[in-house]
Amino acid sequence: MRAEILDQFGKRVRDERLQRGLSQEELAEKAELHRTYIRMIERDQKNITLINIEVHNFEK
């Protein structure tokens with residue numbers, strides 16, 4: 001179940017990023033995160049916490 005949630009979230013982040021025409025680097029800059037962190041989220045290799053989602057709102 002955990003892996004499925006991470007996979008779904010990562011795909012959603014990627015879809016939103018692409019829909020907005022952003023590279024991983026551009027999204028990382030806007031979210032004040034490292035590009036590698038964004039890549040790991042999109043590939044469900046990073047278990048992002050709800051605190052990070054709130055603090056680094058991707059709508060910036």
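**A close look at Gln24**

Modeller: Happy to! The side chain of Gln24 makes a polar contact with the side chain of Glu42, at 2.9 Å. A polar contact is a pair of N or O atoms within 3.5 Å; within protein, one must be able to donate a hydrogen and the other to accept it, and residues adjacent in sequence count only if both atoms are side-chain atoms. Please keep in mind that this is a predicted model, where local features need pLDDT of at least 70, side-chain atom pairs count only at pLDDT 80 or more, and totals for chains, interfaces and linings use all residues. Residues are numbered from 1 along each chain as its sequence is written, and side-chain values use heavy atoms, leaving out hydrogens and water.

Gln24 belongs to helix H2, residues 24-31 (helices are DSSP runs, H or I, of at least four residues, numbered from the N terminus). With a relative accessible area of 19%, Gln24 is buried, meaning under 20% with a 1.4 Å probe, protein chains only. Leaving aside neighbours within four places in sequence, Gln24 is in contact with Arg17, Arg35, Ile38, Arg39 and Glu42; contact means heavy atoms within 4.5 Å.

Now for the helices themselves. Gln24, Glu25, Leu27 and Ala28 in H2 meet Arg35, Ile38, Arg39 and Glu42 in H3. H3 covers residues 35-42, and its axis lies 8 Å from that of H2, at an angle of about 110° (axes are lines fitted to C-alpha atoms over the stretch in contact, and angles run from 0 to 180 degrees between N-to-C directions). That makes H2 roughly perpendicular to H3, a label for angles of 65 to 115 degrees.

Conventions. Helices (H or I, at least four residues) and strands (E, at least two) are DSSP runs, numbered from the N terminus. Buried means under 20% relative accessible area, exposed over 50%, partly exposed in between (1.4 Å probe, protein chains only). Angles under 35 degrees count as roughly parallel, over 145 as roughly antiparallel, 65 to 115 as roughly perpendicular and the rest as oblique.
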